[in-house]
Amino acid sequence: MSDEEYSATVLGSHWISGPPQPREAVPDRVEGSVMRFGPGVTAALPTPFPVVVPVVAPRPRRGAGLRRYTLAAVVLAAVLAYLGWQRFGPGIEVREVAVSTDPAGPACDATADVVAVVGTNGRPGTLTYRWVRSDGTRSEELTERVPRGQKEARLHLLWTFKGTGSYPAKAELQLLSPGQRTAAVEFTYRCTP
């Protein structure tokens, strides 16, 4: 390589960094104010500390955030509206009431199982009712919790008979809420010795 092809890089002393040199470097030749060291430019020295380059995120376009979350907001609002309607919407409604028992009546010294079937709309709620028997007995107000999705509630009256003879019996369900309805069944207790 000839001297005409060689060009030196001029660096000021304030640009040189790295570990201190054990001895002073001596240029291999001096041409005017340019000093040449060695055969050419050497590899860069590693920096004594890590270089951290800050990363700047691009600014989002105006309105992009709103469009990004619109679908999620609409779905969330629909789910909340549905759950609110399920929880606070219309309550339980009674569609029909029927009372039945074994038409032959109970056997001697046995218990009649009188069953009221209350048809509902499947909404959750509480039924308030009482039983009235033809022997003059009235129950207290009773309640039955109906869970969501259950469209039928079965209410039982157990009426025990003892002794011989015949007794015409009537059991009536008085539904007090929601709405007021009544339904009854008649049967005869017979016990002959």
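# Terms and values in a predicted β-strand model

Modeller: The protein chain holds 1 helix and 9 strands, and from the N terminus its elements follow the order β-β-α-β-β-β-β-β-β-β. The model is predicted, so local features are given only where pLDDT is at least 70 and side-chain atom pairs only at pLDDT 80 or more, while totals for chains, interfaces and linings take in all residues. Residue numbers start from 1 along each chain as its sequence is written, and side-chain values rest on heavy atoms, with hydrogens and water left out.

Colleague: What makes a stretch of residues count as a helix or a strand here?

Modeller: Both are DSSP runs numbered from the N terminus, a helix being H or I over at least four residues and a strand being E over at least two. Strand β4, for example, covers residues 111-120, and Thr-188 is found in strand β9.

Colleague: Why are β3 and β7 called edge strands?

Modeller: The open sheet of 3 strands has the order β3-β4-β7, with antiparallel pairing. Within it, β3 (94-100) and β7 (152-160) each have a single partner strand, so one side of each is left without a neighbour in the sheet. The twist from one strand to the next averages 15°, where the axes are lines fitted to C-alpha atoms (for helices, over the stretch in contact) and angles run from 0 to 180 degrees between N-to-C directions. The open sheet of 4 strands, also paired antiparallel, has the order β6-β5-β8-β9. Its edges are β6 and β9, each with a single partner strand, so one side of each lacks a neighbour in the sheet. Neighbouring strands there are turned by 25° against each other on average, with direction ignored.

Colleague: Why is Arg-130 called buried, whereas Glu-141 is called exposed?

Modeller: Buried means under 20% relative accessible area, exposed means over 50%, and partly exposed lies in between, with a 1.4 Å probe and protein chains only. Arg-130 has 16% and therefore falls among the buried residues, whereas Glu-141 has 52% and is therefore exposed. Of the 193 residues of the protein chain, 23% count as buried.

Colleague: What makes Arg-130 and Glu-141 a salt bridge?

Modeller: The term requires a side-chain nitrogen of Lys or Arg within 4 Å of a carboxyl oxygen of Asp or Glu. The closest N and O atoms of Arg-130 and Glu-141 are 3.7 Å apart, which meets that limit. Arg-130 lies in strand β5 and Glu-141 in the loop between β5 and β6 (142-146), so the pair ties together parts that are 11 residues apart in sequence. The whole structure contains 3 salt bridges; among them are Arg-133 with Asp-135 at 2.8 Å and Glu-152 with Arg-154 at 3.4 Å. Asp-135, at 37% relative accessibility, is partly exposed, as is Glu-152 at 39%.

Colleague: What makes a group of residues a nonpolar core, and which members of the largest one touch the most others?

Modeller: Such a core is a set of buried Ala, Val, Leu, Ile, Met, Phe, Trp, Tyr and Cys residues joined through side-chain atoms within 4.5 Å. The largest has 25 residues, of which Val-99, Val-114, Leu-127, Trp-131 and Leu-173 touch the most other members. Two or more residues come from each of β3, β4, β5 (125-133), β7, β8 (165-177) and β9 (181-191), with β9 giving the most, 5 residues.

Note on methods: Pairing = 2+ DSSP bridges.
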